[in-house]
Amino acid sequence: MRVAVFGAGAVGLGIGSCLIEAGAEVVFVARADARHYLETHDLRRTGIFGEVVFAPERYAVLEDVSALGEPPIDFVLVCTKSFDSPAVAEALSAAPACRADSCKIALFQNGWGNFEVFAARIEPRRVFNARVITGFQLVSPGHVDVTVHADAVKIGSLAGADEQEMEPLARRISKGGIPAEITPTIERDLWAKMLYNCCLNPLGAVLEQNYGSLGDSESTRAIMDAIAEETFAVMRAAGFSTHWDDAAGFLRDFHGQMVPATYAHRSSMLQDLEAGRRTEIDAMSGAVVELGERRGITTPLNRIMRDLVRFKESQAASR
């Protein structure tokens, strides 16, 4: 199995390390600084699933996906930020090694709306989504730490394609150390994660708190409850569904199981702000606001979260 991992951040290195461990031929597509580091240092994964270390000889690194040669790529894992989706989709659609019908694209990304970007440039039945609720933290450019794990990686199709086509990929990821499985209900899984992320990520980023601290406070619990109600209303109005019939059902599991299971996690959005990087707020709270506007649903809490994070981004960029 030959796999291209587009993006050498925390998720890309974490999932890529599983595939290397499972014997896949892995090529990372990374920016120049990450490429140089990975070519001259070991790739290391630590954390709750144990430690693995791979010398640079165990994988390849390229800066340009068009440089992928023979044999063709079986799977491309897109592990970039959501705002990079248009550029990545364009690059993949033009790369000879990724254009065959046999090459499947799996989006390991946050937020809602990535599938539409890729499906506009690539045959939709070749594009699959992955829902990841495992916490990855980049310790150094070649060292990723797995901090929390709430459920298996789920991989499926929003275009009605046969999810069994992704079973070999899921099996290799699981064999490499992180549980993964295919699912016929990826839409529900993605919206479950949207609910979870919209409640926790922006608020934690603005207040600079981990997930558990937000759940411990009555004040922040009330804010998250209101965000969940808004997000659920928009989801339903837009014709999507998830694993709960209403927001109340989600919130019972959210406060009772999900937040405790990821208590100490600090969101990638908070990590991005601390590093002065752009966040994915527009694919989370921003996506809810946009869908709400189309359906006539007001989303004041999601709008506030979006705007506060954008303000924090601008402050970080000006420093």
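This is a predicted model: local features need pLDDT of at least 70, side-chain atom pairs count only at pLDDT 80 or more; totals for chains, interfaces and linings use all residues.

Analyst: Residues are numbered from 1 along each chain as its sequence is written, and side-chain values use heavy atoms, with hydrogens and water left out.

User: What makes E6 and E7 a pair of strands?

Analyst: Strands (E, at least two residues) and helices (H or I, at least four) are DSSP runs numbered from the N terminus. Two strands pair if DSSP finds at least two bridges between them. Strand E6 (residues 75-78) and strand E7 (residues 104-107) have four bridges, in the parallel sense, so they meet the rule of at least two. Val78 has Leu107 of E7 opposite it.

User: Which strands belong to the sheet of eight, and in what order?

Analyst: The order is E5-E2-E1-E6-E7-E8-E11-E12, in an open sheet with mixed pairing. Strand E5 (60-62) and strand E12 (180-182) each have a single partner strand, so they are the edges, and one side of each lacks a neighbour in the sheet. Neighbouring strands are turned by 25° against each other on average, direction ignored. For such angles, axes are lines fitted to C-alpha atoms (for helices over the stretch in contact), and angles run from 0 to 180 degrees between N-to-C directions.

User: Which helix lies across E1, E6 and E7?

Analyst: Helix H3 (residues 85-94) does, running at about 165° to E6. Helix H5 (residues 167-175) lies across E6, E7, strand E11 (153-156) and E12, at about 165° to E12. Contact here means heavy atoms within 4.5 Å.

User: What makes E4 and E9 edge strands?

Analyst: Strand E4 (52-54) and strand E9 (134-140) each pair on one side only. They belong to an open sheet of four strands in the order E4-E3-E10-E9, with mixed pairing. Strand E3 (residues 43-47) runs antiparallel to E4, joined to it by three bridges, and Arg44 has Val53 in E4 as its bridge partner. Helix H1 (residues 10-21) packs on this sheet, touching E3, E4, E9 and strand E10 (143-149), and its direction makes about 100° with that of E9.

User: How do you know whether Ser85 is buried or exposed?

Analyst: Buried means under 20% relative accessible area, exposed over 50%, and partly exposed in between (1.4 Å probe, protein chains only). Ser85 has 0%, so it is buried. The residue lies in helix H3 and touches Gln109, Asn114, Val117 and Phe118, not counting residues up to four places away in sequence.

User: Why is Tyr196 put in its class?

Analyst: Its relative accessibility is 9%, so Tyr196 counts as buried. Tyr196 is in helix H6. Leaving out residues up to four places away in sequence, Tyr196 touches Tyr211, Phe250, Phe254, Met258 and Thr262.

User: At what angle do H6 and H8 pack?

Analyst: Helix H6 (residues 186-207) and helix H8 (residues 218-237) pack at about 140°, with their axes 10 Å apart. The residues of this contact divide into 13 nonpolar, two polar and no charged. Ala, Val, Leu, Ile, Met, Phe, Trp, Tyr, Cys and Pro count as nonpolar, Asp, Glu, Lys and Arg as charged, and the others, Gly among them, as polar. In H6 the contact residues include Trp191 and Leu195, and in H8 they include Ile223 and Phe232.

User: What other residues are linked with Asp272 and Arg277 in a network?

Analyst: Lys81 and Glu280 join Asp272 and Arg277 in a network of salt bridges. Between Arg277 and Asp272 the closest N and O atoms are 2.9 Å apart. Arg277 has a relative accessible area of 44% and is therefore partly exposed, while Asp272, at 3%, counts as buried.

How values were computed. A salt bridge is a side-chain nitrogen of Lys or Arg within 4 Å of a carboxyl oxygen of Asp or Glu.
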